[in-house]
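Take a look at the model first, and then we can go through it point by point.

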Amino acid sequence: METIEVKIGNLAIGGRNGILVQTMCNTHTSDVDASIAQCRRLYEAGAEMIRLTVPSLEQVESLRRIRQALRDEGIDVPIVADVHFSSEIAIAAASAVEKVRINPGNFHKDHEKARAQFAKLVEVCKEHGTAIRIGLNHGSLGERITNKYGNTPLAMKEAVMEWLDMCTENNFYNVVVSLKASNTYIMVEAYRLLAAQMQANGTVFPLHLGVTEAGNGDSGRIKSAVGISALLSEGIGNTVRVSLTEDPENEIPVARYLSDRYGRRLHSTMTSLKIENGCATATYMAPSKERLMLDFACDFGKRLLDKELDEVILCGTYVDEDGRTQNLDGSEYAAYLADELMQAARRRFYRPEYIACPGCGRTMYNLEKTFNEVKQRTAHMKGMVIAVMGCIVNGPGEMADADWGYVGEGNGKVSIYKGRTPVLRHVPEDEAIGKLTELIESAQAE
Ligand code: SF4
């Protein structure tokens, strides 16, 4: 899909440019040394753009220092400020970095004031050559929009279009857009609607793709690959972020794979495919487990999401970590990957569905360890949607349709949510997983 070209520091997104790989630090931005070190590692791992959270005005200064230290080392990767709940911070950050991400759902409570503040932000961006990402998330749609359109892909598209209209009214086009959701179906539909609307309107802004709160491990990778590849295969998407609840360095190889594959520099290792009565039998000769998993997710994610297929059987071989060739035909591993793929495409749920944020400078506890423990203790709760979120500021709003949520409050305390309602507050961290599982089990027993 042809888009306008947007300049972000020394980079250009959209137009005829390739698919850029980006990620986000999970350090505290106020810890300048740790943030510089992580940015350096992410850059060396291949990140082409790096985002850091800016929870307070004081941290705008930290951001300036981080960016300057990287420039002094000759690292010219564009730096992005991630701003929630404060238009003032967004305006201040716009003179410090190459791009500011705002969330329309929480830019300003009052819509009219939001318009005025956005115009101020645009002025500063014009003055400094800064780009803006209108970064809308399914979980944080404002009430004004959901009252009108429900919590739907259409609502996401409509909400973003209001902000893109504000950009054009202010004659500002240095803009990238995202419409992320943890639910791959909602995410893909929202981006498709937006792409069609922008084409109809005649100005197509570049799109940043991502499945938000995808979790970690194989499931996080498969879910991300399913959603992102479905869109890239249709020519929708100009930059990708794979959000994993892991070290952000781990996100880069997955994002790079997606960029290479849909930039036509990489082909699937599938060697044959038979389809009969909605069931595909796919044979692979994959050089590694990771490659098998990503090829499989990209080859079949879109077809499952779009209900072109109902089932996929995985056959063939892959090379394991010790260099041995493993046979997939009828194996437990092939069945597991097929189950994970069906769940990522929301066609069959064989275990609980997890929503977990990747963590950022707002996270106040060991998110990855906690998430792994929650998964272990709730593995039998098939059908439940369980969220593990890093902070109380953004976590509850971003949990979208979770049945239960574990939300870090800071200071060693946790809030437990049932749907959108906090049912327990200030639970000590070492008791919180036990309380969460007790609550779910007693609700199931009712
Ligand atoms: S929910 Fe997670 S990723 Fe989002 S702001 Fe909070 S800690 Fe950061």
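1. A definition to begin with: two residues are in contact if their C-beta atoms, placed from the backbone, lie within 7 Å. Counting the contacts in the protein chain with a separation of 6 or more, 66% are between residues 24 or more positions apart. Please keep in mind that this is a predicted model.

2. Now the overall form. The protein chain holds 14 helices and 19 strands, and its C-alpha atoms fill a box of roughly 60 × 50 × 45 Å along the principal axes. A compact globule of 446 residues would have a radius of gyration near 22 Å, and the 21 Å of the protein chain agrees with that. Of these 446 residues, 51% count as buried.

3. Eight strands make it up, in the order 8-7-6-5-4-3-10-9, with parallel pairing. Strand 8 (175-180) and strand 9 (208-209) each have a single partner strand, so one side of each is left without a neighbour in the sheet. Within this order, strand 3 (residues 20-24) pairs with strand 4 (residues 49-53) through three parallel bridges, and Q22 stands opposite M49 in strand 4.

4. Strand 12 (residues 279-286) deserves a visit of its own. In a regular strand the side chains alternate between the two faces of the sheet. The covered face of strand 12 has A280, A282, Y284 and A286, while C279, T281, T283 and M285 are on the uncovered one.

5. What runs alongside strand 12? Strand 11 (residues 270-276) is antiparallel to strand 12 and joined to it by six bridges, with M270 opposite Y284. Two residues lie between the strands of this hairpin, where N277 takes a positive phi near 50°. Strand 13 (residues 311-319) is parallel to strand 12, and eight bridges join the two; here V312 is the bridge partner of A280.

6. Which residues are around the ligand? They are C357, P358, G359, C360, R362, T363, M389, G390, C391, N394, G395 and E398. Sorted by class, this shell has five nonpolar, five polar and two charged residues.

Terms used
Residues numbered from 1 in each chain as written. Predicted model: local features only at pLDDT ≥ 70, side-chain atom pairs only at ≥ 80, totals over all residues. Helix = DSSP H or I, 4+ residues; strand = E, 2+ residues; numbered from the N terminus. Rg over C-alpha atoms; globule rule 2.2 N^0.38 Å. Buried ≥ 20, exposed ≤ 12 C-beta atoms within 10 Å, placed from the backbone. Near = placed C-beta within 6 Å. Nonpolar A, V, L, I, M, F, W, Y, C, P; charged D, E, K, R; others polar. Pairing = 2+ DSSP bridges.
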